[in-house]
Amino acid sequence: PMLNRNLCQKNQMSGIGYSESAAGTAENNTCDSNGLGGIHVYQEAEPDLISNTCQNNKRAGISYFGSAIGMAFGNTCKHNGDFGIKVHGQAQPTLENNTCEWNQWGIGYSDRAAGTALENECVQNSRDGISVDNQARPTLEANTCRNNDGHGIAYYEQATGVARSNECLAK
């Protein structure tokens with residue numbers, strides 16, 4: 001389905017959810033103050049998420065889990081309870097040109113997640129700009145992590161992957 005210019009606010013779970021093998025496009029939507037997150041993509045779903053605003057959600061602005069794939073391009077995730085964008089399970093999305101600001105973590109990868117983060121901006125988060133945990137193995141390229149209270153990019157436990165041409169700037 002095409003979801004365009006919707007206001008998804010104060011839902012008990014997420015503002016927008018894609019599951020099983022759902023696909024489609026969510027563009028220019030606002031997901032605000034939802035009980036879990038702004039947009040949840042799980043199981044084998046593969047939507048394109050373009051220019052959405054996910055703010056003030058209890059958990060993450062955008063979450064990928066299970067074996068989800070797809071693309072998040074040009075989204076703004078701000079003031080969420082934990083992550084701007086969270087990728088976990090075995091999800092492998094492409095995250096490009098998103099802004100994650102004023103969350104605890106800008107972008108987080110965990111479990112066995114992978115995929116690519118390209119030219120994202122992670123700014124003024126209260127912990128790390130980009131966090132890679134467990135056995136996650138993303139490719140991080142040309143991202144800007146600026147004025148985060150923790151690390152610009154942090155690897156924990158057995159996390160691996162590739163980080164190239166990123167810029168991490170302190171306050």
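In this predicted model, Glu141 has a relative accessibility of 26% and therefore counts as partly exposed. Glu141 forms a salt bridge with Arg164, and the closest N and O atoms of the two are 3.4 Å apart. Because Arg164 belongs to strand S22 (residues 162–164) and Glu141 to strand S19 (residues 139–141), the pair ties together parts that are 23 residues apart in sequence. Arg164, at 40% relative accessibility, is likewise classed as partly exposed.

The salt bridges number three in total. Side chains of opposite charge can pair when their charged atoms come close. Another of these bridges joins Glu121 to Arg146, with 2.9 Å between the closest N and O atoms. Here too distant parts of the chain are linked: Glu121 lies in strand S17 and Arg146 in strand S20 (residues 144–146), 25 residues apart. Glu121 is partly exposed, its relative accessibility being 28%, and Arg146 is partly exposed with a value of 28%.

Asp82 and Arg59 form a further salt bridge, in which the closest N and O atoms are 3.0 Å apart. Asp82 sits in the loop between strand S11 (76–78) and S12, and Arg59 in the loop between strand S8 (53–55) and S9, so this pair ties together parts 23 residues apart in sequence. The relative accessible area of Asp82 is 12%, which places it under the 20% limit for a buried residue. Arg59, in contrast, is partly exposed at 45% relative accessibility.

Seven strands make up an open sheet with parallel pairing, in the order S3-S6-S9-S12-S15-S18-S21. Strands S3 (14–18) and S21 (153–155) stand at the edges; each has a single partner strand, so one side of each is left without a neighbour in the sheet. From one strand to the next, the twist averages 15 degrees. The pairing of S3 with strand S6 (residues 37–41) is parallel and runs over four bridges. Within S6, Val41 is the bridge partner of Tyr18.

Two aromatic pairs are present in the structure. The ring centres of Tyr42 and Phe65 are 5.0 Å apart and the ring planes are at 5 degrees, so this pair is stacked. Tyr42 is located in the loop between S6 and strand S7 (48–50), and Phe65 in the loop between strand S9 (62–64) and strand S10 (71–73); the pair therefore ties together parts that are 23 residues apart in sequence. Tyr42 is partly exposed, with 28% relative accessibility, and Phe65 is also partly exposed, with 24%.

The rings of Phe83 and Trp105 are stacked as well, because their centres lie 4.6 Å apart and their planes are at 15 degrees. This pair links distant parts of the chain, with Phe83 in strand S12 (residues 83–87) and Trp105 in strand S15 (residues 105–109), 22 residues apart. Phe83 and Trp105 are both buried.

Asn120 occupies the loop between strand S16 (116–118) and strand S17 (121–123). With a relative accessible area of 1%, Asn120 is buried. A polar atom of the Asn120 side chain lies 3.3 Å from the backbone nitrogen of Asn97. Leaving aside residues up to four places away in sequence, Asn120 touches Leu95, Glu96, Asn97, Asn98, Ile107, Ala142, Asn143 and Thr144.

Conventions
Residues numbered from 1 in each chain as written. Predicted model: local features only at pLDDT ≥ 70, side-chain atom pairs only at ≥ 80, totals over all residues. Heavy atoms only, no water. Pairing = 2+ DSSP bridges. Helix = DSSP H or I, 4+ residues; strand = E, 2+ residues; numbered from the N terminus. Axes fitted to C-alpha atoms, helices over the stretch in contact; angles between N-to-C directions. Phe/Tyr/Trp six-rings, centres within 6.5 Å; stacked < 30°, edge-to-face > 60°. Buried < 20%, exposed > 50% of the residue type's maximum accessible area, 1.4 Å probe, protein only. Polar contact = N/O pair within 3.5 Å; in protein donor to acceptor, adjacent residues only side chain to side chain. Contact = heavy atoms within 4.5 Å. Salt bridge = Lys/Arg side-chain N within 4 Å of Asp/Glu carboxyl O.
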